[in-house]
Amino acid sequence: MTMISAREFSEWLRNRFAEDEQGVCLTREDINQLTGRQSFSLGFVHDIHYELMQFDMAFVTDTSRENFYLVHLSKKSWRDQLERQYERELFCNVLPLDKSG
């Protein structure tokens, strides 16, 4: 198997998992097997991440650099999310007044 580039691997990931809203997890061994590499650097991971960011996807690793995550990026603003959450909590915490008395 020929080693494939970060760009080729990012295309492969995107083509197979673009519709998977939850993303996927890969191990270091998975990436070695899929790319034909015996090892790879953090630069390789950064290059994959860079290629995928153009399509609102991210490729990140854990601190041990043994597990890698392909995730979809949200376009939802954190402020909008907090405001919606606040409105829901406020609405749920309002108790109806007893008008019979």
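Hi everyone. Let me start with the term we need today: a salt bridge is a side-chain nitrogen of Lys or Arg within 4 Å of a carboxyl oxygen of Asp or Glu. Please keep in mind that we are looking at a predicted model.

So, how many salt bridges does the structure hold? It holds three, and I'd like to walk you through them.

Let's begin with K75 and D56, whose side chains meet at 2.8 Å, N to O. That N to O distance is within 4 Å, so the pair counts as a salt bridge. K75 sits in the loop between strand 3 and helix 4, and D56 in the loop between helix 3 and strand 2, so this pair ties together parts 19 residues apart in sequence. Is K75 buried or exposed? K75 is exposed, with a relative accessible area of 69%, while D56 is partly exposed, at 32%.

Next, please find E51 and R7. Their side chains form a salt bridge at 3.3 Å, N to O. Here two helices are involved: E51 lies in helix 3 and R7 in helix 1, so the pair ties together parts that are 44 residues apart in sequence. E51 is buried, with a relative accessible area of 14%.

Finally, have a look at E66 and R28, which meet in a salt bridge at 3.6 Å, N to O. This pair links distant parts of the chain: E66 is in the loop between strand 2 and strand 3, R28 is in helix 2, and they are 38 residues apart. E66 counts as partly exposed, at 40% relative accessibility, and R28 is partly exposed too, at 21%.

Terms used: Residues numbered from 1 in each chain as written. Predicted model: local features only at pLDDT ≥ 70, side-chain atom pairs only at ≥ 80, totals over all residues. Heavy atoms only, no water. Helix = DSSP H or I, 4+ residues; strand = E, 2+ residues; numbered from the N terminus. Buried < 20%, exposed > 50% of the residue type's maximum accessible area, 1.4 Å probe, protein only.
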